[in-house]
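Below is a short report on a predicted model, covering helix packing, cores and backbone geometry. The sequence and structure come first.

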Amino acid sequence: MELLIQIIFVLISTLILGAAVMVVRTRNVIHSALWLIASFFGIGALYLLLEAEFLAIAQVLIYVGAISVLILFAIMLTHNVTSGEGHKFYQRWWLALLVSLMLFAVILVPTLVGQDWTITARPSEESAIAGAVEMGTAFMREYLLPFEIAAVLLLVALTGAIVIAYEERAQRRRILTLAQELALRKQQQQNHAEE
Amino acid sequence: MNIAFPDINMLVILPLIVIFGSALALLLIDLFFIPAGNKKITGYLALAGLLFTGLAGVPLWGMEESSFSGMVVVDTFALTLNVIFIIIAAITIIISLDYLPRQGIEQGEFYPLILFATGSFVLLAQSTNLILIFLGIELLSITLYVLTGFAYPRLSSEEAAMKYLLLGAFAAGFFVYGIALIYGETMTVDLNQIRLYLTELESSSTAAVPGPTLLLIGGALVLIAFSFKIALVPFHMWTPDVYEGAPTPVTAFMSVGTKGAALAALIRIVTIALPTVQDAWVPVLAVLAAATMIVGNVGAVAQTNVKRMLAYSSVGHAGYIVLGVVAMSAHGIEAFLFYLLAYSLTNLGAFAVIIVLEQRGESAWSLDDFSGLGQRQPMLAVAMALFMLSLAGVPPTAGYLGKFFVFAAAWESGLGWLVLIGVITSAIAIFFYLRIIVRMFMHEPVRDVQPALHRSITWTIAVAAGAVLLFGFMPNLFIDLAQRSVIALGG
């Protein structure tokens, strides 16, 4: 039984990681979005493996259902991104990889050198908070404040999206510099004279 | 079915309630009652909201209590920081009042967003739980992404927002990953519980029991996320571009507020949760601080754009502030608080001068625009010179004392090499700060820059300059307060 669970875990993890790699590997943005959905499904399956049925269903409903559709809509409504050809920014990707790995090592090596790597599994707590009831109670009691702060966070994100995307062009017109304004005025005068 | 109310004490989060409440009210008031051409009123109302937040802190003074299942705590450390954050937000709003309409980017939502960001600072100063700290950082980041892209017609502003968003998303990922690993090791996200776990582990430490490896990796990942927010080298790459592209008041706000809030949360994490594993993280943070001081100050030398130069200088200053954290002593935290106050006043003042020189739709950030300022606007030039001297750390300014305190704290904790690097980089820094002063007083004007001196901003600059001098001569005004905060934190 234990072995079976291990095998399933490895399979699901491979699916998640492989799909995630494909998200960044494919040229076509729509294909990327579809791979992302596959990755989300895998995470839902992981939740199921952990016996968190409610979380698994919520994951599929919200991420696979709502968010992916939103992403696809956003891609299709944007000009010129559905075609496969884009700019190549990664001609010297190996150099970037090397530098990033070195920077990462700067942080990780000092903490890891001389540490023991045998990690013992700690006994899990008795009270699981994976079910719908437990999660609801936790949100209203122990995690009340994070719950409220998350609400504020969402409101700010909403306001911010409106501020950035819903541009009232009449209000936010381009401000000319003095020189540009003078040039414009001169041109207008010329047009006037020609008429 | 019985419904039990959770045991909470609303007083603990009173400043938080007031500031978020006023931000919410302001969003609605701005939408329905403030006419489109007159958004300054929203700004004044936001100032009132900040005032109420400050007043809400007064009855809490001296209180030391935690609530919401130990997630938030109110103590003198948090309240002192709140005062600094409110000053930062107030100055930011005042210097934006005339700037926004002049640049054609006036929108009422600007002021509530500043309040939300300040609310997240307050939250970060108070929280003692990793999840809450994460939410605070995210609230702060999302607000700043929007504010960075606020100067919509300017392409550089959009570019800055995009860069900040992409890199910030990575930083958020590191943070969550770190929390997950820490949870995997300790089975808790509460800072006090983590400390308990670690002391227990240490007392039972034998060869058979492994060290807290997962926790250390998690801590390193969390440190990466914090380094990104504070702009420590090598996670500072975004700083010059974002600081240059963002609207100038937002740059001023970011350069002092974000650093202060993120460092406050970092101090909580390292002093409450990780004091027993000091040997692992103090050297890492010390190296980061050293690299930050060197790269920030050397990078600033090459800049001819004053806004970019101040961006690099803010990277360098982040390194000095971190010295206060690395010292891991009561003096260190005291020095951190004083440095934050001094640096905030100075930097906000310097950015206010840049705003005054910034014309509509046109930037006046090149060094040439400062040439001959001493002839045309002597008072403005003197104020700018004072701010530059304070940033460079020349007595008798507040900046000098700030540097002195952090160096002293680091020296006491046996980090002599770090102090040496700090002193050397300060000497390098004097070069580019003095260059502006020389330009202002000893060069002829290159081109005519008409300063936009409104009453509000003139007063702000005057008050900031006065405060920089006042704290330079009488640091005791603030030091007493800072000392009490340290006792509250248990240093």
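## Helix packing, cores and backbone

Helix 5 and helix 10 of chain B are roughly antiparallel to each other, a label for angles over 145 degrees. Helix 5 (residues 130-148) of chain B packs against helix 10 (residues 248-273) of chain B at an angle of about 175°, with the axes 12 Å apart. Axes are lines fitted to C-alpha atoms over the stretch in contact, and angles run from 0 to 180 degrees between N-to-C directions. Helices are DSSP runs of H or I with at least four residues, strands are E runs of at least two, and both are numbered from the N terminus.

Residues of helix 5 of chain B in this contact include Ile133(B), Gly136(B) and Leu140(B), which meet helix 10 of chain B through residues including Met254(B), Thr258(B) and Ala261(B). Contact requires C-beta atoms, placed from the backbone, within 7 Å. The residues of this contact divide into 10 nonpolar, three polar and no charged; Ala, Val, Leu, Ile, Met, Phe, Trp, Tyr, Cys and Pro count as nonpolar, Asp, Glu, Lys and Arg as charged, and the others, Gly among them, as polar.

The model is predicted: local features need pLDDT of at least 70 and side-chain atom pairs 80 or more, while totals for chains, interfaces and linings use all residues. Residues are numbered from 1 along each chain as its sequence is written, with chains lettered from A and ligands numbered from 1 in the order in which they are written.

The largest nonpolar core has 199 residues, of which Val326(B), Tyr339(B) and Val353(B) touch the most other members. Helix 13 (residues 330-357) of chain B gives the most to this core, 20 residues. A core is a set of buried Ala, Val, Leu, Ile, Met, Phe, Trp, Tyr and Cys residues joined through C-beta atoms within 7 Å. Buried means 20 or more other C-beta atoms within 10 Å of the residue's own, exposed 12 or fewer, and partly exposed in between, with C-beta atoms placed from the backbone.

In chain A, which has seven helices and zero strands, buried residues make up 11% of the 195 residues.

Most residues other than glycine have a negative phi, and most peptide bonds are trans.

| Site | Value |
|---|---|
| Val233(B) to Pro234(B), cis | omega near 5° |
| Pro395(B) to Pro396(B), cis | omega near 5° |
| Ser69(B) | phi near 50° |
| Met187(B) | phi near 60° |

Ser69(B) is partly exposed, with 17 other C-beta atoms within 10 Å.

Note on methods: Parallel < 35°, antiparallel > 145°, perpendicular 65-115°, else oblique. Contact = placed C-beta atoms within 7 Å.
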